[in-house]
4 protein chains.
Amino acid sequence: MQPYLHTVQYYETDQMHITHHSNYIRWMEEARVAFLDGLGWGYDRLEAMGLISPVTAVHANYYRPSRFHEVIAITVRLKSYKGVRLVLDYEMRNHETDVLVCSGTSEHCFLDGNGRVLRLTRACPELDAALQALLP
Amino acid sequence: MQPYLHTVQYYETDQMHITHHSNYIRWMEEARVAFLDGLGWGYDRLEAMGLISPVTAVHANYYRPSRFHEVIAITVRLKSYKGVRLVLDYEMRNHETDVLVCSGTSEHCFLDGNGRVLRLTRACPELDAALQALLP
Amino acid sequence: MQPYLHTVQYYETDQMHITHHSNYIRWMEEARVAFLDGLGWGYDRLEAMGLISPVTAVHANYYRPSRFHEVIAITVRLKSYKGVRLVLDYEMRNHETDVLVCSGTSEHCFLDGNGRVLRLTRACPELDAALQALLP
Amino acid sequence: MQPYLHTVQYYETDQMHITHHSNYIRWMEEARVAFLDGLGWGYDRLEAMGLISPVTAVHANYYRPSRFHEVIAITVRLKSYKGVRLVLDYEMRNHETDVLVCSGTSEHCFLDGNGRVLRLTRACPELDAALQALLP
């Protein structure tokens with residue numbers, strides 16, 4: 001899958017003259033949405049099925065600052081998945097120089113409309129199969 | 001009513017070393033929420049009654065930059081209201097020096113759960129009376 | 001010039017299930033940056049010349065809500081300019097249906113590094129000419 | 001030290017009807033600013049000394065959603081510090097019920113104006129002593 005591209009916006013900078021660190025967490029979400037779309041399992045389809053997939057944890061390591069107007073290429077990979085907990089891995093690189101600026105992970109579970117945790121093997125075998133197929 | 005106080009956060013600054021202009025629109029919302037709470041008509045009460053009050057327009061004039069850690073005192077006043085459209089006025093001043101940094105207005109209507117525009121005189125006479133009482 | 005495209009992000013929605021109104025002010029900035037780049041007068045070039053162009057006012061009128069994943073096409077036009085104050089006009093439409101969701105304006109002045117207001121005719125005749133050429 | 005209080009804003013909610021997860025990273029910064037102020041080492045004092053303290057990593061675990069208008073009490077503790085790398089710990093609880101909604105950590109280094117990593121024992125013994133005194 002092609003990396004997701006995000007251009008750093010002026011409103012994402014802070015007075016240190018770099019991207020504010022909280023925005024990388026938002027870019028991870030942008031890239032995740034595109035990743036699930038690419039799989040054929042966009043948020044719309046999940047929500048139409050009554051599936052909600054909240055974030056249960058995030059990590060980010062900041063290696064280099066990024067700056068206004070820089071294009072960041074974000075690669076998403078499935079790190080682990082066993083039916084209940086999904087962990088995704090992110091690499092964010094300067095699109096021109098390929099320098100790593102940030103890496104991260106996000107963890108997710110799946111809930112039904114009443115907030116109960118679902119096991120996808122039972123609740124949605126097709127999505128389960130699509131995720132299993134991506135395991136390293 | 002006491003002005004609403006907002007302290008400028010680091011993540012609200014941009015690389016010009018001042019508050020990014022979009023944040024004042026958010027502070028107007030913070031002050032509006034406190035203003036309606038003070039009236040006894042908080043968002044929770046409105047939403048519990050099935051009333052939604054979206055923003056239909058905003059204006060802001062920026063007079064002076066504000067900076068990280070500055071405390072901004074925001075005064076909200078009812079500018080006009082005739083049963084359907086509500087216009088609020090905002091003054092944002094440096095809390096210490098009283099210097100005006102920004103002024104603004106926001107316009108609102110009232111909708112029911114199906115998105116139909118409501119006339120408060122009929123749909124919620126109590127809120128209508130509370131707003132009428134504030135007219136200059 | 002082609003309209004600037006912005007896809008509504010999940011983190012831009014609010015609990016009304018629509019785009020939070022403050023984000024349109026940020027999209028106007030995104031489109032303005034692309035507009036100035038297209039003119040050959042990107043922020044980088046301005047800042048390299050010691051020119052700062054802060055926002056002195058914004059207006060927005062909200063016609064229709066927009067939602068997660070919607071693509072918004074933003075058209076920027078020069079509304080007025082006489083050497084000191086620049087006013088830009090924005091139209092934001094659903095890219096697929098062409099329905100107008102929001103219109104807005106932003107006003108700007110030009111400052112030097114010491115915060116003094118500049119008249120572009122003198123301070124930067126090339127940018128002045130580029131802007132004059134766009135006047136309706 | 002008293003916990004830092006943050007009231008969830010409307011613009012911090014998303015269409016899942018809860019606080020968007022990226023905002024907790026921003027609240028950690030709000031609480032950290034207050035924590036350093038309380039120590040007598042506010043950002044202003046650091047920046048006046050030419051010291052910059054960027055975030056090099058963040059973690060967050062989300063236990064319970066928080067909602068609009070909820071007051072979150074944030075406790076900051078020094079987790080580790082050995083002269084170069086500072087790790088802070090955060091607990092975010094519903095202020096009324098004391099239920100844990102989120103925990104997190106942030107990691108920081110100290111840089112001079114040229115972006116070189118500093119050892120505080122040498123570069124700023126007073127701040128070093130203030131931090132050493134907080135070690136568990």
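Predicted model: local features only at pLDDT ≥ 70, side-chain atom pairs only at ≥ 80, totals over all residues.
Residues are numbered from 1 along each chain as its sequence is written, chains are lettered from A and ligands numbered from 1 in the order in which they are written, and side-chain values use heavy atoms, with hydrogens and water left out.

I turn to the contact of chain C with chain A. Here 15 residues of chain C are in contact with 16 residues of chain A, contact meaning heavy atoms within 4.5 Å. Between them the two chains bury about 1600 Å², 52% of it on carbon and sulfur atoms; buried area is the accessible area, for a 1.4 Å probe, that two parts lose on being put together, summed over both. In chain C, Y10(C), Y11(C) and H69(C) lose the most area to chain A, together 35% of what that side buries.

The count between chain C and chain A is 0 salt bridges, where a salt bridge is a side-chain nitrogen of Lys or Arg within 4 Å of a carboxyl oxygen of Asp or Glu. The rule does find 8 residue pairs in polar contact across this interface, both residues at pLDDT 80 or more. A polar contact is a pair of N or O atoms within 3.5 Å; within protein, one must be able to donate a hydrogen and the other to accept it, and residues adjacent in sequence count only if both atoms are side-chain atoms. Of the elements of chain C, α1(C) gives the most to this side, with 5 residues. The residues of this side divide into 6 nonpolar, 2 polar and 7 charged.

What of chain B? In this interface, 22 residues of chain C are in contact with 22 residues of chain B. The pair buries about 1900 Å², 54% of it on carbon and sulfur atoms. M16(C), H21(C) and R26(C) lose the most area on the side of chain C, together 26% of what that side buries. Across this interface the rule finds 0 salt bridges and 12 residue pairs in polar contact, both at pLDDT 80 or more. The largest share of the side of chain C, 8 residues, comes from β2(C).

Finally, the strands within chain C. β1(C), residues 4-7, pairs with β3(C), residues 71-81, in the antiparallel sense over 4 bridges, and the bridge partner of Y4(C) is I74(C). β3(C) also pairs with β4(C), residues 86-94, antiparallel over 9 bridges, with A73(C) opposite R93(C). The hairpin of β3(C) and β4(C) has 4 residues between the strands, and G83(C) takes a positive phi near 105 degrees there. Strands here are DSSP runs (E, at least two residues), as are helices (H or I, at least four), numbered from the N terminus; two strands pair if DSSP finds at least two bridges between them.

Key. Nonpolar A, V, L, I, M, F, W, Y, C, P; charged D, E, K, R; others polar.
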